[in-house]
Amino acid sequence: MKKNIITIVSAAVLLFNNSAFAQTKNTVEEIVVDGFKVIYKPTNNQIVSARFFIKGGTANYAKEQEGIENLLLDVMTNAGTAKYPKSDYNRLLDKMGSSIGGSSGLDYGNIALNCINKNFDATWAIFEDVINAPSMDDAEFKKQRDAMISNIKQEKSDPDAYLTEMAMNDAFANLNYDKNTNGSEESLSKLSIDDLKAHYKKVMNKKQTFLVVVGKIDRAQLIEKVKKLIKSLPEGAYMPVKPALLSINKSTLNTEERKMATNYIRGVMNGPAYGTEESYAMQLAFGILQDRLFDEIRTNRSLSYAPAAFYQTNINPCSNVYVTTTDPDQAVQVIIDEIKKIKTVGFSEQEIKNQKSSYVTTYYMGLETNAAQSQGLGVAEVKGNWKNFINFIDNINKIPAKEVNAVVKKYLSGIRWSYLGDLTKVKSDTFLQKL
Amino acid sequence: MFKKLIIIIGASFVGLSAMAQDKLPDNFFIKKLNNGLEVLVIEDENVPLATIEIVVRNGAYTEDKDYNGLSHLYEHMFFKANKAYPSQKAFLDRVNELGISFNGTTSDERVNYFVTLSKDKLVDGLSFMNNAIRYPLFDTVEMRKENPVVAGEFQRAESNPFFGLFDRMNKEVWQDNYSRKNPIGDYNIIYTATAEKMNVIKNKYYYPNNSLLAVCGDVDHNKVFAEIEKIFGDWAPSGFDPFQKWPIPEFKPIEYAKQVVIESPNAQVPLFMLTYHGPDTRNDINATYAADVFSYILQQKNAKLYKELVETGLAFQVNVGYQTAKYVGPINIIMVPSPRKIKEAYEVLWKNINEWDSDDYFTDEQLQTAKDQLGIQEEFNKEKPSNFIHTVTYWWCSATIPYYTNYEANLQKVTREDIKNYVRKYIKGKPYVMGVMLRNGMRKSMKTDEFFAPSLSMEEYTMSFNKDEINLAKEKNAEKLTSLIQWLKINPNANISIETYYHDGEKKTMGMDRYNTILKTLTDAGIEETRIIGTSNKAFQVKKMKADVEETNALNRKVMFSIVKK
């Protein structure tokens with residue numbers, strides 16, 4: 001058994017040694033420019049990705065103001081700036097084929113620049129103005145707000161998006177994640193341009209923000225650019241968000257009727273904190289559980305096209321199971337049986353070995369673009385340390401089988417189910433079984 | 001290096017004759033095996049992975065209604081038992097063992113299967129694909145189990161209310177050949193599929209001479225060619241061209257413009273969709289380039305369309321796209337209007353469409369920006385080899401590899417005149433299908449019928465009158481008349497004939513009076529009288545039992561409509 005693990009570790013090392021990424025693995029560098037953190041990775045290709053991260057996400061605003069950070073970033077990246085009025089802003093970006101977009105999620109917001117090398121200087125000049133001098137025009141604000149409300153409504157039509165909202169609101173009730181990052185019609189309607197200006201002032205400081213740049217950019221020139229970028233950012237103060245671990249010890253069921261061709265079901269369970277050994281063990285466990293649900297629900301029983309199991313490595317982590325099915329009773333029973341099985345019987349060494357091997361492929365697929373790399377580095381930094389991103393495969397490979405088996409026993413003790421669909425098909429006893 | 005280049009050009013000359021004249025990118029290498037299998041290798045050392053893709057010229061366009069959805073089911077069966085891995089479990093164990101990330105897609109004109117794995121396992125990956133493509137078992141039990149899974153995929157699509165609109169639109173746009181643009185297929189056909197039907201597909205399309213094998217990633221093309229020759233070299237060709245043997249029927253043009261209304265309790269915002277039949281790569285290749293450039297002009301935020309619809313707050317989104325295809329590429333326009341300004345948004349959209357061929361609709365800078373953007377987009381596409389390979393294989397199916405390799409150069413040649421010609425040939429004044437998705441109740445509350453009423457067939461417009469009356473009192477008839485007026489407005493070149501009837505016991509002038517009532521309603525709504533011809537007829541009276549007489553008479557107090565063919 002031990003031999004197998006060693007083989008896999010060696011394979012991973014070999015991959016690193018042979019890869020282009022291996023050459024640059026150690027060149028990811030953290031630079032502090034006038035008190036502001038920059039994570040920099042030079043590459044040889046023709047694309048540049050830069051992301052300005054704002055830490056905090058849903059921790060940055062109250063439930064009543066949910067959606068405010070996304071709206072702020074929408075206005076900042078769509079309404080023009082002091083130097084570039086909207087018409088010029090759009091014309092120049094279109095002309096260069098560059099994009100500057102902003103969005104805010106559960107743990108962070110970011111303003112992302114994407115361009116080809118030759119247009120980097122000109123795109124950066126606009127990026128700099130977006131960050132420092134966005135046009136906070138009231139008419140533009142109202143237009144963006146209306147568009148966002150329309151998007152929220154459109155999203156509600158999509159059962160997957162709506163189920164996600166149901167599940168997060170239920171599992172994280174009264175915690176930061178019960179805020180909808182896109183807001184609600186009610187919260188957005190009450191926001192004013194002054195609220196946005198206040199939010200800008202609150203989050204835009206050197207301590208709460210940092211930058212990631214991946215591209216063929218000269219280091220010295222980048223530092224000069226960054227100095228100019230942060231010239232007017234205040235020092236500020238930022239207390240990192242403390243992870244709130246879920247404590248689900250019994251199963252519950254939250255339902256909503258919707259007439260559709262099938263039923264959408266998601267179950268949320270506890271999960272270990274990101275970056276810990278337990279979190280890597282849980283990722284392996286849920287990778288294997290995903291395969292088992294595929295086998296049992298889809299291949300053997302034809303109960304669903306799309307069963308899934310995944311562990312979400314947010315600051316406030318959670319484990320998830322998901323299925324769409326016309327036979328919820330049977331599908332949920334299989335999910336519960338499989339979870340019980342992994343808790344009692346555990347996983348085989350071979351399964352864990354194979355899972356580690358799959359992670360190598362998907363990890364590298366996630367490294368193919370500079371934008372994916374800047375995202376990966378930035379998100380890891382938001383959650384504690386950017387190095388977790390580049391050490392991911394090493395960290396996964398270090399996990400022994402016994403830890404994978406132990407972590408599911410420790411964390412999977414109840415499921416908060418959310419169900420969207422035909423309520424006549426719900427047998428609550430099935431959902432509410434003990435794990 | 002020079003020697004290598006010569007060999008490659010030689011190979012391309014044999015393999016893809018059109019390719020010989022076209023310069024391939026430096027990292028593209030192509031070859032054709034003796035059995036007709038075309039092989040494309042794209043070297044890219046970005047990450048230590050290799051993606052292997054097998055592409056077959058199959059998909060919805062090869063399906064009549066009895067096979068609709070079976071290319072898709074076949075695609076699912078690829079990932080099941082085969083000679084080397086005799087159960088799906090064995091197949092998936094091998095997937096896990098090799099650390100493979102896999103998937104497949106079925107679209108109108110392509111079925112592709114792809115795996116990504118460590119570059120060190122490339123040979124294992126090729127062998128794995130060889131077994132799956134050549135030796136599927138179509139195990140009866142696995143088939144039976146897979147049918148509901150594909151149905152489940154269908155149900156998921158159906159659960160999104162917009163699917164209802166897209167599907168209905170597709171039926172109207174593609175008419176008798178709807179199945180050939182409907183890759184997800186027909187639920188009942190999928191559910192009742194058999195291994196025999198799978199073998200029919202295999203025996204028609206699954207041959208090396210109808211397939212492309214592409215490998216992209218951190219690989220050496222010479223080694224890949226050699227391995228492929230060893231593994232796939234003995235795959236027997238069919239000896240026929242399936243598209244000559246079973247030609248794809250031509251799509252019937254849309255004859256008359258049509259409006260479609262879909263109401264759903266789950267639709268939260270209104271959404272318009274407008275579709276035209278566009279050019280294709282068999283018949284009008286230059287127009288396909290003009291179509292792409294024009295779509296990119298329209299999506300610029302300073303474009304007139306965006307400014308007049310989105311900047312003014314009339315709409316939240318507007319998007320114009322053309323899908324390149326070998327068999328009639330659709331031009332789709334999608335707009336999410338502000339619910340409060342739905343009629344205004346609709347009118348401004350049409351105002352813009354009618355201006356699309358005017359000299360000053362877009363600036364020279366916007367034209368150049370569109371061309372440059374398309375080029376830059378390609379740079380972004382190339383950044384992700386595991387995705388980029390899909391782009392290239394799409395062109396192999398719906399055009400040719402040279403179409404793709406010369407794409408940027410040809411875009412740069414597109415002129416304002418080319419775009420005007422494209423608009424005039426495919427869009428302006430051409431019949432279309434336009435649909436709107438509304439939440440239940442919106443149709444009435446927003447009075448959308450006043451400008452957008454569901455079109456009916458001429459037979460369905462038949463209306464009836466009350467005895468001795470010339471007015472169409474019933475609400476149902478009023479709805480039909482509103483719809484007919486809309487139909488005449490969106491088909492300004494169509495003329496109709498109206499036949500009115502009266503029966504025994506009614507005044508002889510009643511038929512004519514009824515005709516005049518309809519005529520006045522139409523002309524009051526702005527329809528020119530010259531577009532309408534009418535006749536009044538006495539209904540043939542069938543002698544029946546007394547109890548049935550009134551029922552028969554009621555049917556005879558009718559007015560019927562038909563299109564006057566020119």
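These exercises work through a predicted model with chains A and B.

**Exercise 1. Decide how the radius of gyration of chain A compares with that of a compact globule.**

Step 1. Chain A has 435 residues, and a compact globule with that number of residues would have a radius of gyration near 22 Å.
Step 2. The radius of gyration of chain A is 23 Å, so it agrees with the globule rule.
Step 3. In chain A, 52% of the 435 residues count as buried.

**Exercise 2. Find the domains of chain A and describe the side of domain 1 that touches domain 2.**

Step 1. The domain assignment places domain 1 at 34-229 and domain 2 at 252-431 of chain A.
Step 2. The centres of the two domains, taken over C-alpha atoms, are 29 Å apart.
Step 3. Count the residues in contact: 32 from domain 1 of chain A and 25 from domain 2 of chain A.
Step 4. On the domain 1 side, the elements that each supply at least two residues are β2 (36-42), β3 (47-55), β5 (108-116), α7 (159-171) and β6 (209-215) of chain A.
Step 5. Of these, α7(A) gives the most, with eight residues.
Step 6. By residue type, this side of domain 1 has 19 nonpolar, seven polar and six charged residues.

**Exercise 3. Describe the side of chain B that touches chain A.**

Step 1. The contact uses 49 residues from chain B and 51 residues from chain A.
Step 2. In chain B, α3 (88-98), β5 (111-118), α5 (140-158), α14 (364-382) and α15 (385-398) each supply at least two residues of this side.
Step 3. The largest share, eight residues, comes from α5(B).
Step 4. Sorted by type, the side of chain B has 17 nonpolar, 20 polar and 12 charged residues.

**Exercise 4. State the confidence of the prediction for chain B and for the complex.**

Step 1. The average pLDDT of chain B is 90, and 93% of the residues score at least 70.
Step 2. Residues 1-21 of chain B have a pLDDT below 50; in the model this stretch has 23 contacts beyond near neighbours in sequence.
Step 3. For the complex, the predictor gives an ipTM of 0.86 and a pTM of 0.90.

Notes: Residues are numbered from 1 along each chain as its sequence is written. Chains are lettered from A and ligands numbered from 1 in the order in which they are written. This is a predicted model: local features need pLDDT of at least 70, side-chain atom pairs count only at pLDDT 80 or more; totals for chains, interfaces and linings use all residues. Domain bounds come from an automatic or database domain assignment. Two residues are in contact if their C-beta atoms, placed from the backbone, lie within 7 Å. Helices (H or I, at least four residues) and strands (E, at least two) are DSSP runs, numbered from the N terminus. Ala, Val, Leu, Ile, Met, Phe, Trp, Tyr, Cys and Pro count as nonpolar, Asp, Glu, Lys and Arg as charged, and the others, Gly among them, as polar. The radius of gyration is taken over C-alpha atoms; the globule rule is 2.2 Å times the number of residues to the power 0.38. A residue is buried if 20 or more other C-beta atoms lie within 10 Å of its own, exposed if 12 or fewer, and partly exposed in between; C-beta atoms are placed from the backbone. pLDDT is the predictor's confidence in each residue, from 0 to 100.
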